[in-house]
Amino acid sequence: MCGIVGYVGENNATPFLLKGLKRLEYRGYDSSGIAVLGEEIGCVKEVGKIEKLEEEVSKNELKGSIGIGHSRWATHGGVTEENAHPHWDCEKNIFVVHNGIVENYKEIKNKLIKRGHKFVSDTDTEVIAHLIEHFFKGDLESAVKKALRIIKGTYGLVVIAKKDPGKMVAARMFSPLVISVNDKGSFVASDPSAIITHSKKMIFLEDGDVAVIQKDNFVISDIKEKIKEREEVTLDWDIEDSQKNGYPHFMIKEIAEQPESITNSMRGRIVLEEGSAKLGGLELVEEELKNTKKISIIACGTSYYAGITGKYLIEEFSGVPVEVSLASEFRYRKKVIEKDETFIFISQSGETADTLAALQEVKKKDVLTLGIVNAVGSSIARETDAGVYNHAGPEIGVASTKAFTSQVVVLSLIALFLGRQRNLSLEEGKEVANTLLSLPSLVSEILKDDSEIKEVAEKYKDFKNFFFIGRRYGYPASLEGSLKLKEISYIHSEGYPAGELKHGPIALIDESFPTVAICLSNSVYEKMVSNVEEIKARNGRVIVLANRDKKDVKELTEDVIYLPTAPEFVSPVLAVVCFQLFSYYVSVSLGRDPDKPRNLAKSVTVE
Ligand code: M6R
């Protein structure tokens, strides 16, 4: 995710900005830039590492006591110097750094172009600079507030203006900003880690806040000019802690971020009144998708399990048959590719060697290729014909967490879209859309109190083998649960479709081999209960994932993890969040490092 840092004070802003950006590096970025206001505003931007920016800045003598900096993780527009922040207006008076997404940027941009504004980037952020310019009459605060009345979407932004010096104007809507003041000046950042070395006292802005920050003070108000008092908080963090936002590991931080990352994956993509999804990246291929007769999904690891979930979703909502393949197998298989077949490649990193090689194989045929990718501008995103970005933000923990849930959400949106192109009724579509919209709060419910999961993890941490079983949507969820446990705790674990147990694996069951069974209140509940009974009959221990309305599960086992009741198609997301927590707590209580599991790399760019 992008990072912001800003400074106004007595000293030269440049070193503060560069140090702040370096502290934000852990968030992941692809380009960066700073703008510093002295006599003039000087701005330097670079693609790649902050070191490259530092090198360029050293050649440019950027000096001034006010400045803003940004590290960008591309969302709108590729990874280029033009698209890196800060962005400016026609007159090079106003400079902006921004985190978030301006949903109505195209509409605003078209209007501004008609008024003669000239744009140099493909970003939504540049629109903010020009819109502020449109309203600017010498008072930056007032121009920013007028612009914010028009902007729809999310923002954490900081603006400076040559013609209204001595201040930064910062505004927040769903994208964090924090202010800190010491004897050297005032600092603002998207994350305390960028500025915590200057002071541990922080003022966190709230949604709707606009702050005018000067060298020794700041005033917070809303766009209606109402003054807001915000409490000062003293953070007892060191640098490493602050990068993890106070969490002990990136993995648990990323697990906790899922209500937000799921929201970001859906933002602006659900059209409730049409009971459908609007996916900008697929607009140009809508006709081809309407005529597609078969979908093939190709991926590795967690992304492959998201792909299996996608098969169930797409077949249920649209009736289009789906085949799912592991990229490492697909690339060497004799391929029978059908006419009107569409291929979807799923990858968090967009750089996985096997998935990329499979894509290159498919591209030799005349078929449509789509990507579901988190890393903007990555190879798979560039090489597919079209696609949908996850917008889940960078995932630092090696074990995929928010990438999985976001992939499943994007696949649900695609399934809904394909369904509405075919036989899914408006009413059914609305139901699906509403369920998806409720998903972030259902996930929050699990995260709010995970004490049950922690207790079960503690009780079972010393077992050496596990099964994870489920049926229908519970099947890919059990595969992902099993992968999470084995990769971060090094406990042997197998994910199985519950119905397959009796065809062999049940021979392993005894009291030392526990099974985690997904027994949710849905179409396969009774079948799952029978599977649990079969395991118990062989002295197997069972941990059951259940909904609270099923009181009788308590008769099955004493170890129950409850999750909120929801329609079956979102159950993989909810079950997997529970498994992520379970695996995390097992790993930590065994003294493992869940962020850096042995033998694993975050991005598998070799075969
Ligand atoms: O970046 P990708 O989604 O293409 O990565 C594929 C797998 O390597 C990945 O999903 C891996 O299985 C997970 N990190 C495991 O948690």
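This is a predicted model: local features need pLDDT of at least 70, side-chain atom pairs count only at pLDDT 80 or more; totals for chains, interfaces and linings use all residues.
Who is the partner of phenylalanine 95? Its ring pairs with the ring of tryptophan 88. A quick reminder for anyone new to this: we describe a pair of aromatic rings by how far apart the centres are and by the angle of the planes. For tryptophan 88 and phenylalanine 95, that gives 5.6 Å centre to centre and 40° between the planes, a tilted pair. How many aromatic pairs does the structure hold? There are 16.

Here is another one. Tyrosine 304 and tyrosine 305 have ring centres 5.8 Å apart, and their planes stand at 55°.

Next, charges over rings. Which residue lies over the face of phenylalanine 330? That is lysine 335, at 5.1 Å from the ring centre. Likewise, arginine 598 places its charged end over the ring of tyrosine 490, 3.9 Å from the centre.

Let's move on to helix 12, which runs over residues 353–362. This helix is mostly covered, with 8 of its 10 residues buried. Among the buried ones are Ala353, Asp354, Leu356 and Val362. What do the buried residues of helix 12 pack against? Their neighbours include three strands that you can find in the structure: strand 17 (294–299), strand 19 (341–347) and strand 20 (368–373). Helix 11 (327–330) and helix 13 (379–383) are also packed against them.

Finally, empty space. Rolling a probe the size of a water molecule over the atoms shows where such space is left. How many cavities of 30 Å³ or more turn up in the whole structure? The search finds 4. The largest cavity holds about 90 Å³ of space. Its lining is made of 13 residues, and Arg72, Thr75, His85, Asp124 and Thr125 are the ones nearest the centre. Sorted by class, the lining of this cavity has 8 polar, 3 nonpolar and 2 charged residues.

How values were computed. Residues are numbered from 1 along each chain as its sequence is written. Side-chain values use heavy atoms; hydrogens and water are left out. Buried means under 20% relative accessible area, exposed over 50%, partly exposed in between (1.4 Å probe, protein chains only). Helices (H or I, at least four residues) and strands (E, at least two) are DSSP runs, numbered from the N terminus. Contact means heavy atoms within 4.5 Å. On a 1 Å grid over the protein atoms alone, a cavity is a set of points where a 1.4 Å probe fits but cannot get out, and a pocket is an open set with protein on both sides within 12 Å along at least five of seven lines; lining residues have an atom within 4 Å of a point. Grid points are joined across faces, edges and corners, and a volume is the space filled by probe spheres set on the points. Ala, Val, Leu, Ile, Met, Phe, Trp, Tyr, Cys and Pro count as nonpolar, Asp, Glu, Lys and Arg as charged, and the others, Gly among them, as polar. Rings of Phe, Tyr and Trp (its six-membered ring) pair if their centres lie within 6.5 Å; planes under 30 degrees apart count as stacked, over 60 as edge-to-face and the rest as tilted. A charge sits over a ring if NZ of Lys or CZ of Arg is within 6 Å of the ring centre and within 35 degrees of the ring normal.
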